[in-house]
Amino acid sequence: MVKRIYQEYLEGGSLTQIARGLETDGILTAAGKAKWRPETLRKILMNDKYIGDALLQKTYTMDFLNKKRVQNNGIVPQYYVENSHEPIIPRDLYMQVQEEMVRRANLHSREKRKKRVYSSKYALSSIVYCPKCGEFYRRIAWNNRGKHSTVWRCCTRVEHGQKACDAPTIHESDLQETVVKAINLVLGSRDTIMESQQKNIKTVILQGDETSVEGINAKLKELQKKLLRLANSKKDYGSVAEEIDSMRDLKQKALSDSVER
Ligand SMILES: [Zn+2]
């Protein structure tokens, strides 16, 4: 069911369309409800747990060399065992969906007849978020009886109406003015900004093995072996588990960073 949602989204289905489809087919939500809300679907589409990393597992591979499988009898929190089974959502599919979300957030909705417009076209796209529902704000060209104006609106509100989100419409000129003010404010303390900017640029450029997703995965794998080893010999694995936790956070950050980039 989760995979179906991912696929239908990539095939171009809107959250509302996918919801109607699930309802028509009588598929219930995890909470056992017949009604699917678009927000529920969005949560599913953004939940990295469906990649398979944190799914409950009955068995795990104890030894990667001789592939001996051992029952997970609860000694090891199942949460920490990654990649030892077929994930529900392949990583590629998950990442494609994340990119598709950003792309859709930046569609120039009034110009759908023309080629779709991507984020890099507007400096503010995928930066402006709705304070009420967390969705992206979208740039919209308004033509009100021949009077043209450009505004930014919450995607939830555009797609599902004021009941779904009542975040205000913002005129582009107001938005730009605010952004310029904010930039000037930051540039007022030039030394600090330069220093932290240099650091940021360095981080982006030097995306070495330490921070890349592959690097993190390799490290996670190593830590999990260690954790299983400790747990199997009934030793304390608390600090390793903690390290795995922080690596998972780092990985999540690396994944979202790469989408942003
Ligand atoms: Zn909103």
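What we have here is a predicted model, in which local features need pLDDT of at least 70 and side-chain atom pairs count only at pLDDT 80 or more, while totals for chains, interfaces and linings use all residues. Residues are numbered from 1 along each chain as its sequence is written, and side-chain values use heavy atoms, with hydrogens and water left out.

To the opening question, then: the residue that follows α8 is K234, and its phi is positive, near 55°. Helix α8 covers residues 213–232, and its 20 residues reach 28 Å from the first C-alpha to the last, close to the 28 Å expected at 1.5 Å a residue, where the expected span is 1.5 Å times one less than the number of residues. Among its buried residues are I216, L220, L223, L227 and A231, buried being under 20% relative accessible area, exposed over 50% and partly exposed in between, with a 1.4 Å probe and protein chains only.

Let me turn to the zinc ion, whose protein donors are the SG atoms of C130, C133, C154 and C165, lying 2.2 to 2.4 Å from it; a donor is an N, O or S atom within 2.8 Å of the metal, or 3.2 Å for Na, K and Ca. The angles among the four donor atoms run from 99 to 117°, and the site is tetrahedral, a label that requires all angles of four donors to lie between 85 and 135 degrees. The sequence spacing of the donor residues is C-x2-C-x20-C-x10-C. Because C133 lies in the loop between α4 (91–105) and β3 (137–144), and C154 in strand β4 (residues 147–154), this pair ties together parts that are 21 residues apart in sequence. C133 is partly exposed, at 35% relative accessible area, whereas C154 is buried, at 1%.

Strand β4 also belongs to an open, antiparallel sheet of three strands in the order β3-β4-β5, pairing meaning that DSSP finds at least two bridges. β3 and β5 (170–171) stand at the edges with a single partner strand each, so one side of each is left without a neighbour in the sheet.

Finally, on confidence: pLDDT, the predictor's confidence in each residue from 0 to 100, averages 72 for the protein, with 66% of the residues scoring at least 70.

Notes: Tetrahedral: all angles 85-135°; square planar, octahedral: opposite > 155°, others 65-115°. Helix = DSSP H or I, 4+ residues; strand = E, 2+ residues; numbered from the N terminus.
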